[in-house]
Amino acid sequence: MSRVVMEHIEYEMNVPQKKADGDRMFFLQIDPDKCVGCDTCMGYCPTGAIYGDLGQPHKISYEAPCIRCGQCLTHCPEMAIYEKQTWVPELQEKLHDPSVKCIAMPAPAVRYALGEAFGLRPGSVTTGKILSALRELGFAHCWDTEFAADVTIWEEASEFVKRLSENKDLPQFTSCCPGWVRFLKSQYPERTEELSTAKSPQQMFGAIAKTYFAEKIGIDPKRLFVVSIMPCVAKKSECTLPTMRGEDGIPDVDVSITTRELDIMLRANHISPVHLPEEEFDSPLGSGTGAAVVFGATGGVMDAALRSAYYLVTGENPDPDAFTAVRGMDGWKEASFNIPTAGEVKVAVVSGLGNARKLLYALERGEVSYDFVEVMACPGGCAGGGGQPIHDGQELAEARGGVLWRLDKGEALRFSHENPDVQALYRDYLGKPLGEKSHHLLHTDHLAWEMPQAQRGQ
């Protein structure tokens, strides 16, 4: 099959070039010429960062911290809220710079939503076709975020088992959603140490690429330009944190773009992934398991972590579908599981920060007690993230998440600890989960940076 790629042309971004409301908002802005003051965005903002009178253009309050989840953007009926595409022109330049090797790291939730931008059902454009499209854009390597998700599970599940055995800093909150991390730090800072110290898959991937892989191929890490492609706007802020850099000051991840921005770049370069042939991820960081696929669906991180936690405690794999109680679109799910020798483990899964606030309030009042809690800022999880394609009046997180669960079911390997490339990474480079090297590269200090403090709401 011949590639359907038209001649490359430069383009001008069709983005409002108005003076931003303020630097601290960074990636999300409101266009006052489009905003009609309908208050829809205020209803989706979990921190009260947006304000304004009904019928008047709204603004951002910098005394109330924006967590950058992007739900205001995806639900604005006037398309008055937009993301500053600061990094797209820079990325275009890097892709054409022969001295730089650009690495693409697409998330599963992106790969199975991109087809919607071309008028197709979720999951219609296959991973292989998207890899072809990324290479046509100029990426030198295409690796899978699922690989880093499997690494995240090794670290996060090991951390949970350790905390559980020591009965310390429980419940352990998941830390892979940067919007959630910002929310907790701004409104419940006293609980920050309950967050898992494990970096998100995005950040783990960047750290591994600029150390392990750079050494493996003998390249200066400064020549690697790591690009995450995410269903999320908050990931842009995460990769700019001062704690997400190597010892030499090089950021783990250089640029994070959304599903929508990838669509813009493909169209600007006249690349249609629909008609491209299937290609494979590059080795050795291109493999993933079913446990990693479901990270983008609500309950997926918890499900994957429990599969490996069970193995770490017992030395045996559970039924990979033993934890189905944490799946589904309910905004707040609870379950208890018995792990031999560890006893009953109480867990909760919430998506949408309105539900997270209710859970935290219940924890404060002693109404509930958990050992492990997964939180995702966006309803339905990353599949419904603020960087995904927008369909007026439609919520597609459930349909997109359903694709991920079906893919997990069909994978030959469904446990993160069975990924052979991850096993090789630990054997040849990291040593062991929570070891000195893995702790240095793959964990972070959530107390090392500050968020504006916000008054708690109910």
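This briefing walks through confidence, the nonpolar cores and one hairpin. It's a predicted model, so local features need pLDDT of at least 70 and side-chain atom pairs count only at pLDDT 80 or more, while totals for chains, interfaces and linings use all residues. Residues are numbered from 1 along each chain as its sequence is written, and side-chain values use heavy atoms, with hydrogens and water left out.

**Confidence**
- The chain averages a pLDDT (the predictor's confidence in each residue, from 0 to 100) of 86, and 92% of the residues score at least 70.
- Watch residues 1-25: pLDDT stays under 50 there, and the model has 57 contacts for them beyond four places in sequence. Contact means heavy atoms within 4.5 Å.

**Nonpolar cores**
- A nonpolar core is a set of buried Ala, Val, Leu, Ile, Met, Phe, Trp, Tyr and Cys residues joined through side-chain atoms within 4.5 Å; buried means under 20% relative accessible area, exposed over 50%, partly exposed in between (1.4 Å probe, protein chains only).
- The largest core has 75 residues, and Leu134, Phe139, Val151 and Phe205 touch the most other members.
- Helices (H or I, at least four residues) and strands (E, at least two) are DSSP runs, numbered from the N terminus.
- Apart from that core sits another of 28 residues, including Phe173 and Trp180.

**The hairpin**
- Strand 10 pairs with strand 11 (residues 343-351) in the antiparallel sense over eight bridges; pairing takes at least two DSSP bridges.
- Three residues separate the two strands, and Thr341 in the turn has a positive phi of about 75 degrees.
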